[in-house]
Amino acid sequence: MKFFLLLSAIGLCWAQYTPHTQPGRTSIVHLFEWRWADIALECERYLAPYGFGGVQVSPPNDNIIVNNPYRPWWERYQPISYKLCTRSGNEDEFRNMVTKCNNVGVRIYVDAVINHMCGEDHGAESRSTCGSCSNPRNRKFPAVPYSAWDFNDGKCKTGSGGIESYNQDADQVRDCRLTGLLDLALEKDYVRTKIADYLNYLIDIGVAGFRLDAAKHMWPGDIKAILDKLHNLNSTWFPEGSRPFIYQEVIDLGGESVKSNEYFGNGRVTEFKYGAKLGTVIRKWDGEKMCYLRNWGEGWGFVPSDRALVFVDNHDNQRGHGAGGASILTFWDARMYKMAVGFMLAHPYGFTRVMSSYRWQRNFQNGKDINDWMGPPNDNGVTKEVTINPDTTCGNDWVCEHRWRQIRNMVVFRNVVDGQPFSNWWDNGSNQVAFGRGNRGFIVFNNDDSSMSSTLQTGLPAGTYCDVISGDKLDGCCTGIEVHVSEDGNAHFSISNTAEDPFIAIHAESKL
């Protein structure tokens, strides 16, 4: 009996690190600001057929309506209550999305904003997406309800009441207001219970887990106390006793008072160094070369792989917010971006998240995009439908990077090579590199300023393979480049430095 209880405890201990994707599905996608109705359709028509494991959705709870600037993306991160109605849809639409996605094996992960409520400068005239009354200046949120007793105004020790320094004082990072957002007193059981009630409501609907927004601004012990109150996942779609997957937004680029490893006990953390460093390498800035990626992962000072949620860009830093700086690659840098995402999805480190964005009208002044606030494509504040073009790309200014052939096929690549070791590394001492994943996949990059022509050991069985970057395997034929692997596992690769996509990927299921 004691042995059984020990095994049960070990299982529960690891549960929050496990995304509960179906077997053979190894990546999720952030459908940023999508409507629930569009996500439900996308799960059925695209994500499930191409092996995506799940979707991170934008915060589903009641938020303040901001009209100056007009309906920015960041209003979603200013809660008024925990009711389920936003510009993405109402509660019925949310429930329908969760059900339809789960029914085809695609999990839903909610972006949970639980560190704070809305900004302190809003008054009683403020409106919310659910029509809830509030008076943030007076700390009144009757739809929860929260009052002045439920905030950290008295606990913060800075003169302004806001965070004034990240470097030396962890107390103010966690007890003071983040950019004026009203900081909840998470040490109070009443507040913890209200947050847990919200998360449990979502769990019972069928979500698989949560991204904890602004986790570095919460004490790890307070997060644990909330997580301890959470229900098991809905047994309609998950095995009995399954615990929600947790990944925490902890920006730790080094040199600050709050460290990622303080949060490992609660779940995975977002490894922001990943995209920042990979962007620097692909851009060839600061003397970096792809050949240095041989020990990518922990060897670069990242958190342990089984604690990492990794990404090339996210909704914050693709706009210059958050962390990473100018090195971050985004859909605006399509050629380099596809290489970076391809590398991420081929490499075994971390649990991978793909970004899916919308376009906005950028306006750079003095090096800064003054339109970085712009919300999703809309008609007078009503979010536009995600339309699908005949070539399977998206319309209405939705970028849909996850539908780009190169990225979608690398999601499949990662699924095919899952569990296989990192192997057969090769480089030319510069920016031509290659590596395999056991006997299941092989990828080659040419990020040099000259063409590449090399015979490399792939580790794959002999045969002809379809390159899934330049084309697809359809009805036994290849619409792109064909790669011939000899009996000894070698294959010749020629990649021009001017190619549209200067990388090639083959895997066991692309064999012709």
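The model is predicted, so local features are taken only where pLDDT is at least 70, side-chain atom pairs count only at pLDDT 80 or more, and totals for chains, interfaces and linings use all residues. Residues are numbered from 1 along each chain as its sequence is written, and side-chain values use heavy atoms, with hydrogens and water left out.

**The helix pair**

Select helix H2 (residues 36–47) together with helix H3 (residues 91–103), which pack at an angle of about 10 degrees with their axes 8 Å apart. Helices (H or I, at least four residues) and strands (E, at least two) are DSSP runs numbered from the N terminus, while axes are lines fitted to C-alpha atoms, for helices over the stretch in contact, and angles run from 0 to 180 degrees between N-to-C directions. The angle makes H2 roughly parallel to H3, a term for angles under 35 degrees.

Now show the side chains of the contact (heavy atoms within 4.5 Å): H2 contributes Trp36, Ile39, Ala40, Cys43 and Glu44, and H3 contributes Glu93, Phe94, Asn96, Met97, Lys100 and Cys101. These residues divide into 7 nonpolar, 1 polar and 3 charged, where Ala, Val, Leu, Ile, Met, Phe, Trp, Tyr, Cys and Pro count as nonpolar, Asp, Glu, Lys and Arg as charged, and the others, Gly among them, as polar.

**The cores**

Next, select Ile39, Val55, Phe94, Met97, Tyr146, Ile195 and Phe210, the residues with the most contacts inside the largest nonpolar core, which has 134 residues. Such a core is a set of buried Ala, Val, Leu, Ile, Met, Phe, Trp, Tyr and Cys residues joined through side-chain atoms within 4.5 Å, and buried means under 20% relative accessible area (1.4 Å probe, protein chains only), with exposed over 50% and partly exposed in between. Centre on Phe210, which touches residues including Val110, Leu230 and Tyr247, not counting residues up to four places away in sequence. A second, separate core of 14 residues includes Leu456, Phe493, Ile495 and Ile504.

**Backbone stops**

Most residues other than glycine have a negative phi, and most peptide bonds are trans. Go to Asn68 and Pro69, joined by a cis peptide bond with omega of about 0 degrees; Pro69 is found in the loop between strand S2 (54–57) and H3.

Finish with Glu33, in the loop between strand S1 (27–31) and H2, where phi is positive, about 70 degrees, although Glu33 is not a glycine. Glu33 is buried, with a relative accessible area of 1%.

How values were computed
Parallel < 35°, antiparallel > 145°, perpendicular 65-115°, else oblique.
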